[in-house]
Amino acid sequence: MTTLFTPDHEWLHIDGDVATIGITDYAQSQLGDVVFVELPKVGRTLKKAEAAAVVESVKAASDVYAPISGEVVEVNETITAEPALVNSDAAGKAWFFKIRIADKSELGGLMDEAAYKAHTA
Amino acid sequence: MLVRDDLTPLKRTPLHGLHVSLGAKMVPFAGYDMPVQFPAGVLREHLHTRSNAGLFDVSHMGQIALTAKSGRVADAAAALEALVPQDIVGLPRGRQRYAQFTNADGGILDDLMVANLGWYLFLVVNAACREADEAHLRAHLSDACVIEPLTDRALIALQGPKAEAVLAKFCAEAPAMRFMDAGPRKVTGIDCVVSRSGYTGEDGFEISVPADRAEELARALLADADVQPIGLGARDSLRLEAGLCLYGHDIDTTTTPLEAALEWSVQKIRRPGGARAGGFLGAEKILAHFADGAPRRRVGLRPEGRAPVREGASLFADETGALPVGKVTSGGFGPTLSAPVAMGYLPTALAAPDTRVFAEVRGQRMPLRLAATPFVKNTYKR
């Protein structure tokens, strides 16, 4: 399984034609205490760069953009019930949604872990 | 509110070095480089203040001494009454009062605290308004008063249920103070001006301390296990839960004190029929609002869902109405309630408790219920 990153601080686990998407630990640390998460509906078709989810800390709301195009096949209702999980396990249990990848060529524009680390350094 | 010319270097409060050493995340605020949060984070800082004691650096706020040229504080009080709708003449020595500078249209130029320290009036004004307030005071009161910005003082707030016990260790007189008492007190031997007040809804104190002793005092207070440093993020969520206005957001030059639901702060003596009714800038409009009611009102709002409804969101009377009837002026998540809270303006006809209105958030109408403020009961020691 490959993990890729966007400049907007999202991670993608690629497993066949499905991508699991979340926000990075760096992103959660910048947001602060997450108090609300809104996820896309299963079945929705997202275009790359479209606002897909919302994550709100005590002070501010931030959009989570679709890093690639595709259909939402599963969402993680655990984090809507327990938004603080985004702070405690951003890279793991606090994944946001899974999409069926529409166009694998879009993955080519994403960063690997080393490139992302350089991006946040 | 971010008021900053990018070419101007940010100012630093006397506690700047302390904040940085404590690991604060610093942000520009009203021209100052200020801590928005410490490593604990906004949520923990907020809850710590509600359960223990939080220390806030509010040195960016303006401190002004208003002294009558006659030498009599009563003359300074009478002069100041031309600029605020509050009873300042009747403010006893050693007491503090919440006030607003109004303009000729009845709008609010700034909100402030006024304390009678016996030989002068001690004013605390908002950082972003400080220079305009000083100019306003000079333009109107220079004949009668000397206006002296106290630029060599820091301001430290200690807030929360443990504030009294903590401050008592450094200032034996602190526990005897009541809410809104204010006066000179020695704190760890330092000559300070202490008031029992704050901006969190909690019992607590604000300590005006000479700039060169501020860090020493802050470190002494922070050495207490019950005290944690608190940033501007939690200061905002605490004041929002307490239903307190933030200047430039919930009140400004377009809102009158009555529209802002601040009539409690206007004493009867300055209202219609009072012995010193009117006589302040904008009195015509403000007294008319007392007589006839204000056309709109600031209200507390509790979103029914989990999503915070933030500043700027339009308010609608129903789920489908095309025209907004008002807007949200402050909104966010209330950590004590573990629920979103907001404030905004609505036409007076809609400003009744339990009315249901809708806010537009990301293109969707979210229901909110009008609720009394404060959202979290205040714990002032009256």
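Me: How do strand 3 and strand 9 of chain B pair, and over how many bridges?

Reply: In this predicted model, strand 3 (residues 53–57) and strand 9 (residues 153–159) of chain B pair in the antiparallel sense, and four bridges join them. Within this pairing, Gly54(B) stands opposite Gln159(B) of strand 9.

Me: What is the strand order of the sheet in chain B, and which strands are at its edges?

Reply: The sheet is open, with six strands in the order 10-11-12-9-3-13 and mixed pairing. Its edge strands in chain B are strand 10 (182–187) and strand 13 (227–230), each of which pairs on one side only. Ignoring direction, neighbouring strands are turned by 30° against each other on average.

Me: Which strands does helix 6 of chain B lie across?

Reply: Helix 6 (residues 214–222) of chain B lies across strands 3, 9, 10, 11, 12 and 13, and runs at about 15° to strand 9.

Me: How should I read the largest nonpolar core, and where does it lie?

Reply: As a general idea, nonpolar side chains tend to be buried together in soluble globular proteins. Here the largest nonpolar core has 136 residues, and Val114(B), Leu123(B), Ile156(B) and Leu158(B) have the most contacts inside it. Strand 6 (residues 108–116) of chain B gives the most to this core, namely six residues. Because domain 1 (1–293) and domain 2 (295–374) of chain B both give residues to the core, it lies between them.

Me: Which residues does Leu123(B) touch?

Reply: Leaving aside residues up to four places away in sequence, Leu123(B) touches Ile64(B), Leu66(B), Leu112(B), Met113(B) and Val114(B).

Notes. Residues are numbered from 1 along each chain as its sequence is written. Chains are lettered from A and ligands numbered from 1 in the order in which they are written. This is a predicted model: local features need pLDDT of at least 70, side-chain atom pairs count only at pLDDT 80 or more; totals for chains, interfaces and linings use all residues. Two strands pair if DSSP finds at least two bridges between them. Helices (H or I, at least four residues) and strands (E, at least two) are DSSP runs, numbered from the N terminus. Axes are lines fitted to C-alpha atoms, for helices over the stretch in contact, and angles run from 0 to 180 degrees between N-to-C directions. Two residues are in contact if their C-beta atoms, placed from the backbone, lie within 7 Å. A nonpolar core is a set of buried Ala, Val, Leu, Ile, Met, Phe, Trp, Tyr and Cys residues joined through C-beta atoms within 7 Å. A residue is buried if 20 or more other C-beta atoms lie within 10 Å of its own, exposed if 12 or fewer, and partly exposed in between; C-beta atoms are placed from the backbone. Domain bounds come from an automatic or database domain assignment.
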